[in-house]
Amino acid sequence: INLLNHWGSLIRMFHRMYSLQKILLMHLFWVFGWVRSVRTQKEITFFHVNDGSSLQSLQIVADPHLGSRDITFGSAVEVWGKLVPSPHQKQNVELQANKITLVGSCNPVSFPFKIKDRHSLEYLRQFPHLRCKTNVFSSLLRLRSEATAAINSFFKNNGFIHIHTPIITSNDCEGGGELFQVEVNKNQDNPHFFNVPSFLTVSGQLHLEVMAGAFTQVYTFGPTFRAENSQTRRHLAEFYMVEAELAFTESLEDIMKVMENLFKSATSHILSECPEDVELFHKYLAPEQKGILGSWFNILNHVNLIFRLSYTEAIDILQDSTKTFTFKPQWGCDLQTEHEKYLVQHCGNIPVFVINYPYDIKPFYARDNQDGPQHTVSAVDLLVPGIGELCGGSLREERLDLLQSRLKQHGFKDSYQWYEELRQFGSVPHGGFGMGFERYLQCVLGVENIKDVIPFPRFSHSCLL
């Protein structure tokens with residue numbers, strides 16, 4: 001359909017070139033897709049067909065004797081016809097049908113989506129098996145596809161090696177205990193298929209650290225799992241993570257620069273490649289964020305995209321605020337979503353880096369800053385408008401004695417012997433980060449609920465399909 005519309009532009013551009021027009025119009029075109037609208041008149045029928053490649057549909061003009069009166073909203077069709085310039089300004093071309101085949105019928109009465117209704121994302125969520133047929137969700141899926149391609153292109157163009165990290169693991173990278181355990185039939189003598197407890201991964205970071213002992217830059221992009229008993233708008237049990245690890249670095253700035261460039265590169269790509277799909281979200285689904293599209297262009301064109309705060313500065317800002325927080329901010333506490341959103345607004349509603357968090361609230365692998373009484377680690381979170389935390393990263397503790405002390409403190413000494421060995425055989429200073437892909441889409445599109453930016457949402461007490 002995109003190609004047909006392009007041909008229509010050519011016809012209009014070269015309307016005086018009779019030979020080109022004759023060549024294009026003398027051929028029959030075969031179009032197939034799903035009907036998005038139908039308008040029946042006494043002697044002619046108009047309907048729009050969409051094949052999922054674009055937000056734009058192709059108008060079909062058909063005589064009733066071709067069976068066009070049997071065509072309904074939602075049905076699947078194949079159409080043979082002649083491509084002609086359209087007299088309407090909103091479309092370049094239309095197809096005059098010579099033959100119509102109804103491939104799959106659709107009862108418009110029982111079909112949950114109505115032709116003239118604008119359905120909310122919450123309503124669409126009730127039909128995970130059908131919502132891909134709607135304009136808004138097909139736009140979302142095209143945007144996911146483009147964002148995925150943009151992220152992979154960014155890493156490839158910057159010399160990163162793509163690593164397929166395992167889905168099943170014996171380690172809890174985050175140390176939070178929110179793990180899905182893998183078991184075989186409990187009636188068997190040994191319920192552990194791998195002879196040791198195994199889990200669905202919460203992160204590919206530790207496996208990337210292994211690879212960062214042989215490659216200077218690596219990344220992974222795949223599903224991760226958290227057994228959080230949560231029904232919030234921010235959490236899923238299954239979601240996608242972009243994670244990267246850099247060897248030979250002792251600076252958080254190196255990590256932050258990759259985060260920033262990844263964010264800018266992916267966002268610039270989808271804004272330029274899918275402007276109509278992005279506009280659909282900003283215009284109809286996030287009207288309260290009016291002007292967000294222009295704001296993103298302004299942010300991306302700004303040299304210093306992201307504001308920088310230390311954790312201590314962030315706590316000072318929160319404590320000086322007149323806003324009443326549900327969780328009182330004090331030094332040593334983990335920042336809550338309400339804190340993160342306030343910090344973003346305080347800094348001009350642009351992304352914010354918060355660095356150097358307290359030692360006690362970050363995982364065992366974060367590098368100790370050894371900075372006296374406050375005792376912080378070289379960790380960083382990227383906070384973005386409307387979401388809060390998008391990325392989290394750190395320098396990794398490469399000093400074996402400090403790592404061993406931290407593992408012992410957390411009771412991990414026996415489980416991470418292999419992790420200690422990484423520091424014994426050609427170890428180098430390194431660091432990395434992870435970015436939640438669905439949260440990224442929420443941020444750029446202004447979508448409030450994370451369940452509306454993934455094809456098949458998995459969360460507690462819900463695993464449809």
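This is a predicted model: local features need pLDDT of at least 70, side-chain atom pairs count only at pLDDT 80 or more; totals for chains, interfaces and linings use all residues.
1. C391 is buried, with a relative accessible area of 1%. The cysteine sulfur closest to that of C391 belongs to C443, at 9.7 Å. Seen from the other end, the closest cysteine sulfur to that of C443 is the one in C391, again at 9.7 Å. C443 is buried as well, at a relative accessible area of 2%. A disulfide requires the two sulfur atoms to lie within 2.5 Å, so the 9.7 Å between C391 and C443 is too far for a bond. The count of disulfides in the structure is 0.

2. Overall content. The protein chain has 465 residues, of which 48% count as buried. Its secondary structure comprises 13 helices and 16 strands. Among contacts in the chain with a separation of 6 or more, 68% are between residues 24 or more positions apart.

3. Five strands close into a barrel, in the order 1-2-3-5-4, and the pairing is mixed. On average, neighbouring strands of this sheet are turned by 55° against each other, direction ignored. Strand 1 (residues 28-40) pairs with strand 2 in the antiparallel sense over 6 bridges; V38 stands opposite F47 of strand 2. Strand 2 (residues 45-50) is in turn antiparallel to strand 3, with 5 bridges. One of the bridge pairs here is H48 with Q59 of strand 3. Strand 3 and strand 5 (residues 93-104) pair in the parallel sense over 3 bridges, and V61 has Q96 of strand 5 as its bridge partner.

4. Burial of strand 3. Which way do the residues of strand 3 point, and are they buried or exposed? L58, I60 and A62 point one way, Q59 and V61 point the other way, and all are buried. With 5 of the 5 residues of strand 3 (residues 58-62) buried, the strand is largely enclosed by the rest of the structure. Q59, which is bridged to H48, and V61, which is bridged to Q96, belong to the group pointing the other way from L58, I60 and A62.

5. Strand 8 and strand 9 (residues 198-200) run antiparallel and are joined by 2 bridges. In that pairing, V182 stands opposite S198 of strand 9.

6. Packing of helices 9 and 10. Two packed helices are described by the angle between their axes and the distance between the axes. For helix 9 (residues 311-320) and helix 10 (residues 337-346), the angle is about 90° and the axes are 10 Å apart. That angle makes helix 9 roughly perpendicular to helix 10. Helix 9 contributes A314, I317 and L318 to the contact, and helix 10 contributes H339, Y342, L343 and H346. By class, the residues of this contact are 5 nonpolar and 2 polar, with no charged residue.

7. H339. This residue lies in helix 10 and is one of the residues that meet helix 9. H339 is buried, with a relative accessible area of 0%. Setting aside residues up to four places away in sequence, H339 touches L318, F325, F327, P329 and D334. Of these, L318 is part of the helix 9 side of the contact.

8. Backbone points to check. The relative accessible area of N356 is 25%, so N356 is partly exposed. Q370 also has a positive phi, about 50°, and is not a glycine. Q370 is placed in the loop between strand 13 and strand 14 (376-384). Q370 is exposed, with a relative accessible area of 52%; the cut-off for exposed is over 50%.

Definitions and conventions: Residues are numbered from 1 along each chain as its sequence is written. Side-chain values use heavy atoms; hydrogens and water are left out. Buried means under 20% relative accessible area, exposed over 50%, partly exposed in between (1.4 Å probe, protein chains only). Axes are lines fitted to C-alpha atoms, for helices over the stretch in contact, and angles run from 0 to 180 degrees between N-to-C directions. Helices (H or I, at least four residues) and strands (E, at least two) are DSSP runs, numbered from the N terminus. Angles under 35 degrees count as roughly parallel, over 145 as roughly antiparallel, 65 to 115 as roughly perpendicular and the rest as oblique. Contact means heavy atoms within 4.5 Å. Ala, Val, Leu, Ile, Met, Phe, Trp, Tyr, Cys and Pro count as nonpolar, Asp, Glu, Lys and Arg as charged, and the others, Gly among them, as polar. Two strands pair if DSSP finds at least two bridges between them.
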